[in-house]
Amino acid sequence: MLELDKILELHKQVLPNIKWTYNKKYIRRSIPRSNWYFLKLHVPKYIEIFVGAFSYYKEGKALWLNTIAIDKLYQGKGYGSEILKFVENKAREVGCKKIKTWSDKADFFKKSGYLQGEKYRMWWLFEKEIK
C-alpha cells in the first residue's frame, strides 16, 4: 500500500493548512469511482521514484479531474502539464465535452487554458472545453 501512503503525503504537501479527513479508507473507497494513476520515474535497472498521482472520473459529458498531486521535489518540471494533456485525451476518448476541477492553483490552470469560475471556500472551479 505504498501508493496510498504516498498519496496522503502528497495531499498534505499540496495543501498543508487543511485539516485532513482523507485517509487510506477514503482513498480505497474512491478508487472504484475514479481512475487513479501514479507517476513514477524509472531509472533503468536501479530504482523507481514516485513523482505524483492523479485521478479523474466521468460525470455526464464532463470529465472531473478529482486529484492532481506532484511531489514538491518534482514540481515545475512539466509533470502537471503532461497530466492535463493525458486527461484531455481521455476526455476525447470517452466523448466528454469539458474537463472540470476544483483547485486553488489558479495560475497553473489558467496557463493551461482553463477558465476560472465560481469559488467554494478556498477553491475555484476551473473548466476547459474539449474539442
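Let me begin with Glu-88, which sits in helix 3, the element spanning residues 79-93, and let me say at once that what we are looking at is a predicted model. Is Glu-88 buried or exposed? With a relative accessibility of 10%, Glu-88 counts as buried, because the cut-off for that word is under 20%. If we set aside the neighbours within four places in sequence, the residues in contact with Glu-88 are Ile-99, Tyr-114, Lys-128 and Ile-130.

Now to the strands. Strand 4, residues 98-103, pairs with strand 6, residues 123-129, in the antiparallel sense, and six bridges connect them; within this pairing, Ser-103 has Trp-124 of strand 6 as its bridge partner. Strand 6 also runs antiparallel to strand 5, residues 115-120, to which it is joined by four bridges, and here Gln-116 finds its bridge partner in Phe-126 of strand 6. The hairpin formed by strand 5 and strand 6 has two residues between the strands, and in this hairpin Arg-121 adopts a positive phi near 55°.

Strand 6 has the highest confidence, at 95, whereas helix 2, residues 24-30, has the lowest, at a mean of 53. Over residues 18-22 the pLDDT stays under 50, and for that stretch the model has seven contacts beyond four places in sequence.

Terms used: Residues are numbered from 1 along each chain as its sequence is written. This is a predicted model: local features need pLDDT of at least 70, side-chain atom pairs count only at pLDDT 80 or more; totals for chains, interfaces and linings use all residues. Side-chain values use heavy atoms; hydrogens and water are left out. Two strands pair if DSSP finds at least two bridges between them. Buried means under 20% relative accessible area, exposed over 50%, partly exposed in between (1.4 Å probe, protein chains only). Contact means heavy atoms within 4.5 Å. pLDDT is the predictor's confidence in each residue, from 0 to 100.
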